[in-house]
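Biologist: Hi! Could you walk me through this one? I'm new to reading structures.
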Amino acid sequence: MEKRAASLAVLASLAILVIISYVYAPSCPIAFAPLEPPSRSHPLGTDPVGRDALCEVLAGIRASVEAAFAALAASLAVLSASLLAGVSARAGRLVDSVAALVAGLPRMSLLMMLALVTRLSPIGIGLLIGSLASLQGARAAATRARQVARSLYVEAARAIGAPWYRIVARHIAPNTWSSIASYASIASSAAVYAEAGLSMLGLGSPATPSLGKVAGLVLLTPGAVLTEAGLAQLVASLALVAAIAMLMYLAVRLIGS
Amino acid sequence: MGLVAELVLGLLLIAVLAYVSARAGLGNPFTGLGAEQGLGPEELRVLRHVYGLDEPVPRGLLSFIYGVLRADTGPSILYNKPAFALAEEALPWTLLGIGAGFLAAYASAALWVVLLGPGVPRPVRGLSFLPGYFYAVLMLLSSWWLGWPPALPGHGAEKLAAYVLVVWLALWPRLLHGLAGIVEDPGLELASVTQAMRAIGAPEHRVNARLLRTVLAPYTAYAATMLGMVLERSAILEPLLGYTGLGLLLYRGVASADPVLAATAFTLLGAIAYLVVVAGRLAERLLDPRLSRR
């Protein structure tokens, strides 16, 4: 119970962090000399185009968190739908086939290809990664739901006339929740990395600040990485990407455990 | 669904995704290139015909699939060369870099289990979640600070070594994590084997070697799915490293709005990654004792 409370607290603090970033870093104007070293007024220095890097990093956090929560929502939707489908043998087989077909599809290359059509927002990336990364889990969720649906206590519940939604809510969902949370945790952390990776290569949404964009700007500006400010921004942005991905992974997994 | 049907449908889906994304993003590349103003209607008509823009989508899709099958998908706007020839030229370099990195990771994870046992320390488990591009960024830093690998794009020996290193760094913690998971799986009932070997006084490395031999088939099947994953992620690793393989070609196709190049590189890369994943699943079905027992 304590672990679950801690996990919910982590998720809530990430959501609060997004709200704070909207309040304190709604936009980061180009108003300073580029690559100024860290100082009291600019704790991470200024970026290669002359914006306060801390402001950029704060604003970038929301892209990562948005991608993570969007992936979590998409993943939970896909996995819950497969759980419901798994109760019926025919629908379960359909989930198996679709998941087998799509699970091997290239995800990162597909996101890159989609950049030809539109530059995806963090939420768009999260929704796509969340759905695609959960397909392998969808098979497992459907199989597990099928196993539980065949168990004696579910037969007993049916025998006393329990409606299907009650059986799903009382028996099937609680017995499959752990594996669903496990797959959803992987999907949400994968979305954080995918969003940062695409933005680092300049294929993310141009109007949205992102931690990947902060890192990419430093890497693509000749010599920026050799400056104190450039290095601080690179390390801070990548460390935050890894931290957000890891926190999402652990928090969602612990809620399910 | 049988594996063959799944394979055919999967490859078809990749081709459809490639064509539809390229076509939807394409619109009119000549506008994007700022060339439309200088072109007359007849020149535009010829260009649209050359790049297959005058065909309806279903017919264009069939032409694209036929083009992939006969290794001619049309010219690349960026390089002014046949896109398939460019992809064919880049493909071996991607396969070489990823293949060598994969083999090194496969062998080092197996060696770890033999020498140190199947237990994986928490930091190594943590590393298995880091994406490969973190290591590619490390290589970029090394390139700036130490002058190695060389900064200019290419696929020379030093670039190849850096690529192999990145793939190895990204893959071995994952393979080790997966291998440890297979060894610890109660479904394989390995505890009795190890207990019996320890009871007769077998040294620990022999017990571990025996463990590894028992799980080699499922480990190889798992490793194959990881290989498929890293193959498709070459599209992120190669641009960061400046390694001129198929992944970089895909990135350049997308970044420079060259849809023919992007669609060709995506189809090839996606198809190879998909084939590897399906081969891994086939190996799993045939060789994994947990599945063959069912």
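Modeller: Happy to! Let's begin with what covers the buried residues of α9(A): the cover includes α2 (53–87), α8 (164–200) and α10 (228–256) of chain A, together with α7 (132–146) of chain B. Helices here are DSSP runs (H or I, at least four residues), numbered from the N terminus. This is a predicted model, where local features need pLDDT of at least 70, side-chain atom pairs count only at pLDDT 80 or more, and totals for chains, interfaces and linings use all residues. Residues are numbered from 1 along each chain as its sequence is written, with chains lettered from A and ligands numbered from 1 in the order in which they are written.

Biologist: Why is α9 of chain A largely enclosed?

Modeller: Because 9 of the 10 residues of this helix (211–220) are buried. Buried means that 20 or more other C-beta atoms, placed from the backbone, lie within 10 Å of the residue's own. Among them are K213(A) and L217(A).

Biologist: New topic: how many residues of chain A are in contact with chain B?

Modeller: 29, and they meet 41 residues of chain B. Contact means C-beta atoms, placed from the backbone, within 7 Å.

Biologist: Which element of chain A gives the most to that side?

Modeller: That's α4(A), with 6 residues. The side of chain A that touches chain B has 23 nonpolar residues, 6 polar and no charged. Ala, Val, Leu, Ile, Met, Phe, Trp, Tyr, Cys and Pro count as nonpolar, Asp, Glu, Lys and Arg as charged, and the others, Gly among them, as polar.

Biologist: And which residues of α2(A) meet α5(A)?

Modeller: They include A63(A), F69(A) and V78(A). The contact of α2(A) with α5(A) has 16 nonpolar residues, 4 polar and 1 charged.

Methods: A residue is buried if 20 or more other C-beta atoms lie within 10 Å of its own, exposed if 12 or fewer, and partly exposed in between; C-beta atoms are placed from the backbone. Helices (H or I, at least four residues) and strands (E, at least two) are DSSP runs, numbered from the N terminus. Two residues are in contact if their C-beta atoms, placed from the backbone, lie within 7 Å.
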